[in-house]
Amino acid sequence: MSTTSSKPLLRLLDFAPVALFVIVLLAFGVQSDKFLTRENLTQILIQASSTAVVGVGMTFVLLTAGVDLSVGAIMFVGAGIAGRMALAGQPLPLSLLVMLGVGLAGGAVNALFVTRFKLVAFITTLATLYIGRGLGRWITQTRAMNLPDSFLALGSAKWLGVPAPLWIAGTVVLVAQLVLAQTPFGRQLYATGNNLEAAKKAGVRTTRLLAAAYIICGVCAGLGGILALSQLGAVSPKFGELYEFDAITAAVLGGTSLFGGRGSVFPGTVLGAVLLKSIFNGLVIVQAEPYLYPLITGGIIFVAVLFDSLRTDLVTRFSRRKIRVEERAA
């Protein structure tokens, strides 16, 4: 494939998430007049807030060519501890702070094993996923906990007419985007994901950088757990389950590469999260058969990975041709 023909195809793949989002909106909008209402679109954004926040943390890790499969388990452990504290009469701010602390601790554990003990991120976070799910079940005794109304009040609160979850998610997205696009830390993160050895030779402290990425991901998981809990008002034995796949899918759908070094929080990961929730919301509104849910979820993951693989292949080919042209010119 020539360089000339690969450029339009690469742009088409970059535009694919937006096109898919528009198709989803139109498809469900045609089938139900309730889908494109202001109330339902607002609800979609609120539902996507927790996925977007967790996806932001996942984006930092994916940019380093790593992965964190433990985010859902971190959410579960934090929610279980916070739920027990709330039922024991502890103040809401303290319970929320503990959830963030659990996220910080979970991210630090992953960072320790990945950076210091040089374990593969996939295996490390898969292990902490199972440990976290087991710990969460022990904390909750595998029983659902209905939480005080203060949790739901947080989810339903509005500031200047905008739901609180959107304010929180928007702030996280804004800060993350500024960090990635405007700071040396962000530039070094991209460089590390593109070529770890080259980044080391350039003087980048890659160990600290990788550790920071996993810690950020853990904190985002804790905050995402707060947003999810504020909408549900209860901790079930399945709380946070499969959130890791939603976060990865949202990031990859938004253009973040599983191979590292490429991606963005906005509009990338945010668009992916909203797209996911739009599909699930639409399926509920049109009263689709329950067996379609896992089929469609699997299809979305397949499409996301396919787009990423094609995009990465095209970028690699284009880069090689560009290097050859420059070498000939020299």
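A residue is called buried under 20% relative accessible area, exposed over 50%, and partly exposed in between, with a 1.4 Å probe and protein chains only. By that rule Gln287 is exposed, with a relative accessible area of 70%. The structure is a predicted model, in which local features need pLDDT of at least 70 and side-chain atom pairs count only at pLDDT 80 or more, while totals for chains, interfaces and linings use all residues. Residues are numbered from 1 along each chain as its sequence is written, and side-chain values use heavy atoms, with hydrogens and water left out. Helices (H or I, at least four residues) and strands (E, at least two) are DSSP runs, numbered from the N terminus.

**Backbone features**

- Gln287 lies in the loop between α12 and α13 (292–329), and its phi is near 55 degrees, a positive value in a residue other than glycine.
- Lys118, in the loop between α4 and α5, likewise is not a glycine and has a positive phi of about 60 degrees.
- Lys118 is exposed, its relative accessible area being 61%.
- Phe266 and Pro267 are joined by a cis peptide bond with omega of about 0 degrees; Pro267 belongs to helix α12 (residues 265–285).

**Packing of α4 and α5**

- The axes of helix α4 (residues 92–116) and helix α5 (residues 121–140) come within 9 Å and cross at roughly 145 degrees. Axes are lines fitted to C-alpha atoms, for helices over the stretch in contact, and angles run from 0 to 180 degrees between N-to-C directions.
- The crossing of α4 past α5 is right-handed; a crossing has that hand if the near helix is turned clockwise from the far one by less than a right angle, and is left-handed if anticlockwise.
- Contact (heavy atoms within 4.5 Å) brings Val109, Asn110, Phe113 and Val114 of α4 together with Ala121, Thr124, Thr125 and Thr128 of α5.
- By class, this α4 and α5 contact has four nonpolar, four polar and no charged residues. Ala, Val, Leu, Ile, Met, Phe, Trp, Tyr, Cys and Pro count as nonpolar, Asp, Glu, Lys and Arg as charged, and the others, Gly among them, as polar.

**Packing of α3 and α10**

- Helix α3 (residues 71–87) packs on helix α10 (residues 206–232) at about 55 degrees, the axes being 8 Å apart.
- This angle makes α3 oblique to α10; under 35 degrees counts as roughly parallel, over 145 as roughly antiparallel, 65 to 115 as roughly perpendicular and the rest as oblique.
- The α3 helix passes α10 in a right-handed crossing.
- On the α3 side, Val71, Ile74, Met75 and Ala79 meet Cys217, Gly218, Ala221, Gly224, Gly225, Ala228 and Leu229 of α10.

**Helix α7**

- The 19 residues of helix α7 (residues 164–182) should span 27 Å at 1.5 Å a residue, which agrees with end C-alpha atoms 27 Å apart. The expected span is 1.5 Å times one less than the number of residues.
- Buried residues in α7 are Ala164, Pro165, Ala169, Val172, Val173, Ala176 and Leu180.

- Met145 is located in strand β1 (residues 145–146) and is buried, at 6% relative accessibility.
- Leaving aside residues up to four places away in sequence, Met145 touches Gly80, Gly83, Arg84, Leu87, Thr140, Gly233, Ala234 and Val235.
- From C-alpha to C-alpha, Met145 and Ala79 are 9.9 Å apart, with a sequence separation of 66 residues.
- Ile301, in helix α13, is partly exposed at a relative accessible area of 30%. Its C-alpha atom is 8.7 Å from that of Val252, 49 residues away along the chain.
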